[in-house]
Amino acid sequence: METKPAIQFHDVTAAAYRIRKGVKETPLEKSLKLSAMLGMEIYFKKDFLLPTGSFKERGVRNALELLPPEQKKKGVIAASAGNHALALAYHGQLMGIPVEVVTPETAPLMKVSQCKKCGAVVTKHGTNLEEAKQFATVRANEQQLQYINGYDYPPILAGQGTAALEIIEQLEKLGKTADAVVIPVGGGGLLAGMAVAFKHLQPQVEVIAAESEECPGFSESLKVGRPSLVSPKPSLADGLAVPLVGTNSFATAKDKVDKCLAISESDIAIAILRLVEMEKIVVEGAGATGLAACLSGQLDHLKGKIVVVMLSGGNIDTTALGRCLERGLAADGRLVKFGVLLSDRPGGIAGLTRLLYEQNVSVKDIVHERTWLKTSIFFVEVDCVVETTDEEHALKLKNALITHYGASSVHWGAWKIGEN
């Protein structure tokens with residue numbers, strides 16, 4: 001039996017009224033630099049500026065407001081390792097509702113700590129989110145707690161849809177209407193809620209879902225016409241790594257989404273980098289996936305059009321941010337690695353560094369290896385990581401190295417010890 005859409009437009013408008021005092025409107029701002037770069041009129045919906053750093057507050061606040069008085073006293077429970085847990089803990093504290101969060105053992109310590117600071121009871125269980133969810137469901141029945149799914153509970157979907165209402169109103173004030181909206185998708189709650197609002201009020205708007213190609217749950221589900229289980233791989237967009245799209249979310253969104261795009265890790269990394277460098281914005285991988293879709297070249301039909309991009313979350317670990325930026329620089333051709341086989345004679349490395357100086361590159365790292373080689377003992381391997389201004393500059397460096405040392409002595413990219 002086919003599942004019917006879990007929410008209608010009136011549910012979204014009711015949610016907007018319900019949460020108006022608890023969730024502030026977030027800015028919708030045009031990006032002049034990225035608009036010029038991409039040839040589109042890009043507007044960013046900045047939900048990462050909400051107090052807990054993500055759009056999840058919209059749905060959570062709506063779900064909590066709808067609880068009967070007796071249930072508000074008993075409390076709620078959820079399984080989450082990230083933004084849903086933070087939003088639930090934060091708004092539960094504001095509303096005086098007891099909150100318990102079940103996280104996997106591998107949950108980020110920072111987010112666990114933030115949940116505890118908001119007064120939530122945090123229980124660690126299992127090695128993944130599915131095990132945590134099973135435990136939370138059992139505990140909800142035992143303790144008479146309301147279980148709130150972060151992406152498939154109908155009030156959650158309705159709350160997420162309020163972002164679309166804000167976008168439409170904010171663009172109307174500018175005398176504009178969106179041609180397309182790009183929405184990150186993992187479990188599907190945000191996509192479902194926003195699609196309902198856009199297709200009711202402005203059905204001509206192209207609703208585009210952007211998912212990580214490491215977890216293509218929504219596109220696989222579209223192929224078979226029902227939620228389809230996938231095996232997520234590690235991704236920069238870890239917030240989208242949901243193995244099974246929500247049943248209610250899929251039923252609500254599947255006929256309202258015009259396009260679903262799989263986004264590569266390199267495009268996500270570049271999107272994070274572009275936002276930091278050009279917009280002075282820090283977002284998490286999942287939050288940058290919408291922009292990554294625009295950068296990927298898959299939306300060239302929107303050149304000259306008004307495109308709204310959801311920046312859905314900004315909760316990125318500081319150490320992860322550093323790695324993401326480096327990945328972005330590498331994908332952008334501005335951080336390159338190469339190996340050179342050169343003579344183990346006085347002046348050998350001096351000649352290489354002189355060439356690097358002449359090419360005007362900045363050396364980040366250099367490693368000198370004699371032992372683990374299969375070549376003549378009179379040769380040495382030198383691995384370098386250098387910064388270049390752009391991909392063209394990197395190509396110029398590569399050609400200079402090949403011209404000077406020969407193609408067989410230059411290994412561009414990751415150098416495997418013992419190869420030449």
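Student: How many helices and strands does the protein chain have?
Tutor: This is a predicted model, where local features need pLDDT of at least 70, side-chain atom pairs count only at pLDDT 80 or more, and totals for chains, interfaces and linings use all residues. Residues are numbered from 1 along each chain as its sequence is written, and side-chain values use heavy atoms, with hydrogens and water left out. Helices (H or I, at least four residues) and strands (E, at least two) are DSSP runs, numbered from the N terminus. The count for the protein chain is 17 helices and 14 strands.

Student: What is the order of the open sheet of four strands?
Tutor: Strands pair here if DSSP finds at least two bridges between them. β5 (121–124) and β6 (146–147) are the edge strands, each pairing on one side only. β3 (residues 76–79) pairs with β4 (residues 99–103) in the parallel sense over four bridges. With parallel pairing, the order is β5-β4-β3-β6.

Student: Is Val363 buried, partly exposed or exposed?
Tutor: Val363 sits in strand β12 (residues 362–369). Buried means under 20% relative accessible area, exposed over 50%, and partly exposed in between (1.4 Å probe, protein chains only). At 40% relative accessibility, Val363 is therefore partly exposed.
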